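The sequence and the model are shown first.

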Amino acid sequence: MKAKYEGGIFGYPKTMEGTLTFDDTNQRLLFRKDQRELFFIPYNAVTSAFADTHKRQPKAATIAGAIPSIYSLPAHFIRTKVRYLTLQYSDPDTRVAGVTSFRLDNKDLVESALFTLANKSGLVPRGEIYVKKKDDAEAKKTTP
């Protein structure tokens, strides 16, 4: 699926457009740009995931609103919804953790990607988000 990476992965600070795919053979979520693998997040590293929506003003409306005229007033009220798939991860192999997000085209695509990733990563629903529950052995280690 087409996606815009919004940052959050160590070594990749800039936003970029590419494709997001589920690589079931290697158990990872893979981001590619121009058919080249850039980075991936292993399914077992995903600790939580959720769908996020922001209202943004399109660039054209921002430019039109900057023109000093009474006719540019409606441009200030134009807003579009932007949909994100947001992930929190903690990679046990590299001990790198963080939060990253991918901008997807529409609500249905975000929800489908979220549900698929949650199932592949072993996440359980908690309200509107998906989280990874601790094992019983891990829970006993952290409780006094």
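Strand S3 (residues 28-33) runs antiparallel to strand S4 (residues 36-42), and the two are joined over six bridges. Strands pair here if DSSP finds at least two bridges between them. Helices (H or I, at least four residues) and strands (E, at least two) are DSSP runs, numbered from the N terminus. Within this pairing, Lys 33 is placed opposite Arg 36 of S4. The hairpin has two residues between its strands, and one of the hairpin's residues, Asp 34, has a positive phi near 55 degrees.

The model is predicted: local features need pLDDT of at least 70 and side-chain atom pairs count only at pLDDT 80 or more, while totals for chains, interfaces and linings use all residues. Residues are numbered from 1 along each chain as its sequence is written, and side-chain values use heavy atoms, with hydrogens and water left out.

**Overall composition**

The protein contains three helices and nine strands. Their order along the sequence is β-β-β-β-β-α-β-β-α-β-β-α. Of its 144 residues, 33% are buried; buried means under 20% relative accessible area, exposed over 50%, and partly exposed in between (1.4 Å probe, protein chains only). The accessible surface is about 9,800 Å², and carbon and sulfur atoms account for 52% of that surface. Accessible areas come from the Shrake-Rupley method with a 1.4 Å probe, and for residues only the protein chains shown count as cover. Among contacts (heavy atoms within 4.5 Å) between residues at least 6 apart in sequence, 51% join residues at least 24 apart.

Gln 27 is not a glycine, yet its phi is positive, at about 55 degrees. Gln 27 sits in the loop between strand S2 (16-23) and S3, and is partly exposed at 43% relative accessibility. Asp 34 is also a residue other than glycine, with phi near 55 degrees. Asp 34 belongs to the loop between S3 and S4 and is exposed, with a relative accessible area of 70%.

**Strand S1 and its partners**

In a regular strand, side chains alternate between the two faces of the sheet. Strand S1 (residues 2-5) has Ala 3 and Tyr 5 on a covered face, and Lys 2 and Lys 4 on an uncovered one. S1 pairs with S2 in the antiparallel sense over four bridges, and Ala 3 has Gly 18 of S2 as its bridge partner. The pairing of S1 with S7 is antiparallel as well, over two bridges; there Lys 4 faces Arg 103 of S7.

**Two buried residues in strands**

Thr 100 lies in strand S7 (residues 96-104) and is buried, at 2% relative accessibility. The Thr 100 side chain comes to 2.8 Å from the backbone oxygen of Gly 7, a polar contact, which is a pair of N or O atoms within 3.5 Å; within protein, one must be able to donate a hydrogen and the other to accept it, and residues adjacent in sequence count only if both atoms are side-chain atoms. Leaving aside neighbours within four places in sequence, the contacts of Thr 100 include Tyr 5, Gly 8, Ile 41 and Leu 87.

Ser 48 is part of strand S5 (residues 46-56), and counts as buried at 12% relative accessibility. Beyond neighbours within four places in sequence, Ser 48 is in contact with Thr 86, Leu 87, Gln 88, Leu 123, Tyr 130 and Val 131.

**Salt bridges**

How many salt bridges does a search of the whole structure find? The search finds three, a salt bridge being a side-chain nitrogen of Lys or Arg within 4 Å of a carboxyl oxygen of Asp or Glu.

| Salt bridge | Closest N and O atoms |
|---|---|
| Asp 23 and Arg 28 | 2.7 Å |
| Lys 120 and Asp 24 | 2.8 Å |
| Glu 37 and Arg 28 | 3.2 Å |

Asp 23 and Arg 28 are both buried, with Arg 28 at a relative accessible area of 10%, whereas Glu 37 is partly exposed at 44%.

Lys 120 forms a salt bridge with Asp 24. This pair links distant parts of the chain, 96 residues apart: Lys 120 is in helix H2 (residues 107-121), and Asp 24 is in the loop between S2 and S3. Lys 120 is partly exposed at 31% relative accessibility, as is Asp 24 at 38%.
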